[in-house]
Amino acid sequence: MSPKFQVALRGDAILTNPRFNKGTAFTEQERRDFGLTGRLPYRVNSLNEQCQRAYDQLNTQATDIQKNSFLQSMKEQNWVLYYTLLLRHLRELVPIIYTPTEAEAIAKYSHLFRRSEGLYLTFANRDSMEDDFLAITKGKDVDLIVSSDAEAILGIGDQGVGGIGISSAKSVIYSLIGGIDPSKSLAVTLDVGTDNKDLLNDPLYVGLPHERIRGQQYDEFVDKFVQLVRKHFPHSLLHFEDYGVTNAERLLERYRDNHAVFNDDIQGTGAVTLACLMAAVGVTKSKLCDQRIIVYGAGSAGLGITKQLRDATVTADNISVEDANSKFWLIDKHGLIKDSLPDVRDDLKPFARKDSEWSDLQSSEVRLLDVVKKIKPTVLIGTSTHAGGFTKEVIEAMAAECERPIIFPLSNPSKLVEVHPNDANDWTKGKALLATGSPFPPAKMPNGKDYVIAECNNALIYPGLGFGTMISKSKRMSDTMIIAGARRLASLSPALQDPDNALLPDFGEAPDVNFEVAVAVAEQAVEEGSAGVDWKKEEVREKAKLKVWVPLYGEFVYDENGEK
Ligand SMILES: NC(=O)c1ccc[n+]([C@@H]2O[C@H](COP(=O)([O-])OP(=O)(O)OC[C@H]3O[C@@H](n4cnc5c(N)ncnc54)[C@H](O)[C@@H]3O)[C@@H](O)[C@H]2O)c1
Ligand SMILES: O=C(O)C[C@H](O)C(=O)O
Ligand SMILES: [Mn+2]
């Protein structure tokens with residue numbers, strides 16, 4: 001049975017509203033009631049027919065970026081059709097609307113621009129921030145706000161106002177995969193200028209043409225935004241995406257005790273990587289505390305992963321934090337993070353290695369290959385944006401000392417991957433347990449079988465973490481809620497059935513997988529007392545089912561007091 005809605009929009013107003021527009025699927029009765037008879041061609045189409053037509057049209061687009069633009073305009077026209085089409089072709093179309101193609105769309109934002117979307121909060125207009133915020137949100141029931149200041153978009157750096165594209169794409173994924181009603185989410189860009197010279201020199205650049213605002217002025221601007229969110233939508237989830245490394249962790253720590261805030265690059269990436277590693281150590285029949293882990297690229301994602309793996313090791317294997325810290329070797333642009341390295345960020349210091357361990361080396365900078373040779377890692381994770389950083393020499397050196405090397409080159413988009421999974425597979429003679437951040441085709445094992453490359457992208461978990469937090473009306477997303485989500489994801493790993501299978505479920509199953517994650521998160525929230533709902537743990541699954549948004553045409557009745 002389709003849901004019934006009282007709607008207060010007529011004529012062009014309903015046809016141009018993507019939430020209510022059904023295009024040729026408006027019934028004869030609705031056409032009469034909403035003043036559409038002369039505004040639509042005669043035949044009434046089913047959603048199936050509309051999907052078929054839209055898919056045919058999509059396939060006339062020659063390139064992925066053209067497909068991305070086509071789908072963007074479809075989203076502006078008709079949400080039910082847009083989301084249904086995406087769901088029916090999930091594996092094929094997620095890479096078009098998300099990583100990797102969205103990276104290109106963001107980089108070309110000012111040139112591809114057709115229509116505004118979401119909320120642009122610009123530093124130059126800071127005095128009218130509350131009015132600008134309310135102009136878009138007033139009267140709306142906003143449960144989710146996805147924000148980006150675009151300083152570190154995927155691996156492509158500062159993209160200024162184009163950052164609205166990542167906030168939008170992440171919001172779409174929340175609805176597509178996480179079951180969140182798109183009318184209850186808001187994509188926001190905080191345009192504080194850009195240090196990207198190409199954008200500043202581009203006469204068509206549509207963002208604030210000013211270098212990035214930093215320091216106290218930046219903090220005040222972000223704080224003004226966060227306080228508006230807290231004031232007007234105290235129960236919402238506030239998602240931070242692709243903030244720069246000097247701000248991401250700081251902002252998360254500043255706000256996470258007072259509001260349900262979530263940093264995807266730190267926490268989402270940490271959680272999905274933890275799940276993937278749990279699956280891998282299941283295959284190698286070892287424990288988390290048995291691993292020697294190199295994290296290459298000690299930025300937001302690298303440190304988020306390190307802390308998540310460290311915390312899980314402490315809990316799962318009952319060892320001290322110091323012991324768990326000693327399992328990690330972090331490498332950044334100037335080599336291994338060690339005590340004598342100048343300007344090491346405070347948050348990296350607990351993981352800095354002792355200089356005395358490396359005194360036998362000539363150079364003061366300790367490179368990846370040196371570390372691999374000396375420590376004989378079992379796990380190699382890439383979050384560096386350094387394409388090809390895991391060279392043949394590095395991978396072979398690792399494989400020489402490790403029966404099943406666990407190698408996760410996670411940098412996005414695809415072209416920035418630290419090692420192509422085919423190469424990692426070949427250079428380890430099919431022994432490596434692999435996962436990447438963007439989708440890749442399967443590699444060939446020496447026995448001729450396909451080895452499916454797990455997509456270790458935070459999108460496999462963040463929609464569930466968010467949905468679980470939202471439906472349980474939790475005032476914060478605790479570390480224990482995140483670990484519960486990661487454990488549930490790990491328990492769904494196909495490699496548990498057969499070690500030659502992928503480490504994580506296929507992205508095509510992402511909606512079901514994220515539902516399971518959400519249930520685990522909400523159960524944990526109920527159990528630990530973080531939840532704002534009065535549910536019993538056993539009821540969570542049934543309650544959660546009722547909250548999932550699915551793209552369906554409702555039955556509309558005109559009512560001047562109805563929704564608009
Ligand atoms: N798979 C996922 O779900 C996922 C999630 C988040 C981020 N990522 C990817 O991880 C990468 C990093 O993202 P981030 O948000 O942490 O960015 P970031 O800018 O915070 O971190 C990148 C770090 O890598 C370091 N680096 C750069 N070149 C290096 C080199 N040659 N050797 C070693 N270190 C080097 C930088 O100094 C920086 O500290 C991006 O490509 C991003 O797309 C993937
Ligand atoms: O956006 C993605 O694809 C994952 C991640 O958040 C990233 O920044 O790369
Ligand atoms: Mn990101």
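The protein chain splits into four domains: domain 1 (4-97), domain 2 (101-265), domain 3 (267-456) and domain 4 (460-547), with bounds that come from an automatic or database domain assignment. Between domain 1 and domain 4, the C-alpha centres are 31 Å apart. Keep in mind that this is a predicted model, where local features need pLDDT of at least 70, side-chain atom pairs count only at pLDDT 80 or more, and totals for chains, interfaces and linings use all residues. Residues are numbered from 1 along each chain as its sequence is written, while chains are lettered from A and ligands numbered from 1 in the order in which they are written.

**What UniProt says**

- An unreviewed UniProt entry lists "domain: Malic enzyme N-terminal" at residues 75-256; UniProt positions use the numbering used here, feature names are shortened, and annotations may be inferred rather than shown by experiment.
- The end C-alpha atoms of residues 75-256 sit 32 Å apart, and that span is 47% helix and 11% strand; helices (H or I, at least four residues) and strands (E, at least two) are DSSP runs, numbered from the N terminus.
- The unreviewed entry also puts "domain: Malic enzyme NAD-binding" at residues 266-526, a span with 40% helix, 11% strand and end C-alpha atoms 24 Å apart.
- E241, D242 and D265 carry the UniProt annotation "binding site", again from an unreviewed entry.
- Those residues are spread over 25 residues of sequence but cluster in space, with a largest C-alpha distance of 6.6 Å.

**Around β5**

- Strand β5 (residues 237-240) points L237 and H239 one way and L238 and F240 the other, and all of them are buried; buried means 20 or more other C-beta atoms within 10 Å of a residue's own, with C-beta atoms placed from the backbone.
- β5 pairs in the parallel sense with strand β3 (residues 144-148) over four bridges, and two strands count as paired if DSSP finds at least two bridges between them.
- Strand β6 (residues 260-263) also runs parallel to β5, joined by four bridges.
- H239 has V146 opposite and F262 as its bridge partner in β6.
- β5, helix α13 (residues 248-255) and β6 make a right-handed β-α-β unit; right-handed means that, with the strands pointing away from the viewer, the path from the first strand over the helix to the second runs clockwise.
- E241 belongs to the loop between β5 and α13, and E241 counts as buried because 28 other C-beta atoms lie within 10 Å.

**The two ligands**

- Ligand 1 is surrounded by 30 residues, the closest being G155, G297, G299, N412 and G437; a residue counts as near if its C-beta atom, placed from the backbone, lies within 6 Å.
- Domain 2 and domain 3 each give at least three residues to the ligand 1 shell, and α14 (264-283), α15 (300-317) and β8 (328-332) each supply at least two.
- Around ligand 2 you'll find T99, L154, D242, D264, D265, N412, G437, N457 and N458.

**The seven-stranded sheet**

- An open sheet of seven strands runs in the order β9-β8-β7-β10-β11-β12-β15, with mixed pairing.
- Its edge strands, β9 (335-336) and β15 (454-455), each pair on one side only.
- β8 and β9 run antiparallel and share two bridges, with I331 opposite L336 in β9.

Definitions and conventions. Buried ≥ 20, exposed ≤ 12 C-beta atoms within 10 Å, placed from the backbone.
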